[in-house]
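Subject: Structure handover

Hi,

Here is the structure I promised to pass on.

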Amino acid sequence: MVQVYEWPREWHKFVSSQFHLRTAAMRSEGPLTPRRNPRLVYQIWTIQVSSKSERGPTAWAPKDAFFARLDGEVGKFRFSDTLRCQPAYNRARKLPQEPWSDDTLWSDGTGWLNAGYVPPTAEVDAPALAGAKDIIVRGLPPDVASGVLTAGDLLEIRPDGIPTETSNLYEVVRGSGTDAGGRAGVEIRPRLRQSFATGDMVVLHHPQGVFQLSDADQGMVFRDSNMGAFGLTALEYTG
């Protein structure tokens with residue numbers, strides 16, 4: 001079994017970031033016409049981030065150790081887009097969250113979601129084959145005319161709720177409202193990396209992809225006196 005490490009959420013403190021779906025195409029040109037005929041080859045996520053400077057090895061040394069544990073570009077790690085951790089529907093509303101009955105919250109400071117929020121996870125509503133660009137998601141707020149899942153939202157699919165060793169991170173490119181049963185059909189990119197079954201988990205809060213550093217020089221901690229900062233570029237791992 002491949003070991004996939006997880007980038008801690010508390011380390012998502014960057015001064016600049018890029019989280020981009022890179023598209024590569026093959027094209028051909030006929031000898032008698034200038035018209036090009038591009039054909040899609042693949043799409044993969046690429047990330048590039050720069051951290052803020054932190055004071056003292058207590059702050060930056062654990063990051064250095066994380067990269068050492070990755071064995072450079074060999075290891076794999078799970079990473080999410082820090083600016084798209086929830087669907088836009090939730091970000092626009094900021095509905096209050098409810099505590100437990102004793103007025104305490106979860107360990108991360110969050111509470112129970114009120115009705116009307118897009119939940120942390122949903123489910124695939126119908127089987128979808130590898131290569132498909134449309135899926136149906138269930139378990140969303142019902143009877144919403146539009147915008148529950150909208151273009152630009154990210155989602156991760158986990159068979160039987162189990163994170164995969166290869167990346168299954170997708171971007172909604174055409175959103176949808178929901179029906180009375182809380183179902184919405186959306187178009188996504190990249191096309192499905194693998195087939196999924198009814199009931200497979202759809203992660204909507206902090207969806208993650210699986211990545212590898214682009215080369216062995218990534219993740220190097222740069223030190224200035226007692227301050228340390230790092231940057232990294234990584235490519236999606238699809239197997």
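Below are the ground rules, then the overall fold, the aromatic pairs and the cavity.

This is a predicted model, where local features need pLDDT of at least 70, side-chain atom pairs count only at pLDDT 80 or more, and totals for chains, interfaces and linings use all residues. Residues are numbered from 1 along each chain as its sequence is written, and side-chain values use heavy atoms, with hydrogens and water left out.

Overall fold. The protein has 2 helices and 16 strands. These are DSSP runs numbered from the N terminus: H or I of at least four residues for helices, E of at least two for strands. Of the 239 residues, 41% are buried (under 20% relative accessible area, 1.4 Å probe, protein chains only). Take the contacts (heavy atoms within 4.5 Å) with a separation of 6 or more: 71% are between residues 24 or more positions apart. The accessible surface is about 13000 Å², and carbon and sulfur atoms hold 51% of that (Shrake-Rupley, 1.4 Å probe).

Aromatic pairs. There are 16 of them. Rings of Phe, Tyr and Trp (its six-membered ring) pair if their centres lie within 6.5 Å; planes under 30 degrees apart are stacked, over 60 edge-to-face, the rest tilted. Trp-11 and Phe-66 are edge-to-face, at 5.8 Å centre to centre and 85° between the planes. Trp-11 sits in the loop between β1 (4–6) and β2 (14–26), and Phe-66 in helix α1 (residues 57–69), so the pair ties together parts 55 residues apart in sequence. Trp-11 is buried at 16% relative accessibility. Phe-66 is buried too, at 11%.

Phe-79 and Phe-211 also pair edge-to-face, with centres 6.5 Å apart and planes at 85°. Phe-79 belongs to strand β5 (residues 76–79) and Phe-211 to strand β14 (residues 209–213), so this pair links parts 132 residues apart in sequence. Both are buried: Phe-79 has a relative accessible area of 2%, Phe-211 of 0%. One aromatic cluster includes Trp-11, Phe-66, Phe-79, Phe-211 and Phe-230.

Cavity. The structure holds 1 cavity of 30 Å³ or more. A cavity here is a set of points on a 1 Å grid over the protein atoms alone where a 1.4 Å probe fits but cannot get out; lining residues have an atom within 4 Å of a point. Grid points join across faces, edges and corners, and the volume is the space filled by probe spheres set on the points. The largest cavity has about 40 Å³ of space. Its lining is Trp-11, Lys-13, Ser-51, Lys-52, Glu-54, Lys-63 and Phe-230.

Best wishes

Key: On a 1 Å grid over the protein atoms alone, a cavity is a set of points where a 1.4 Å probe fits but cannot get out, and a pocket is an open set with protein on both sides within 12 Å along at least five of seven lines; lining residues have an atom within 4 Å of a point. Buried means under 20% relative accessible area, exposed over 50%, partly exposed in between (1.4 Å probe, protein chains only).
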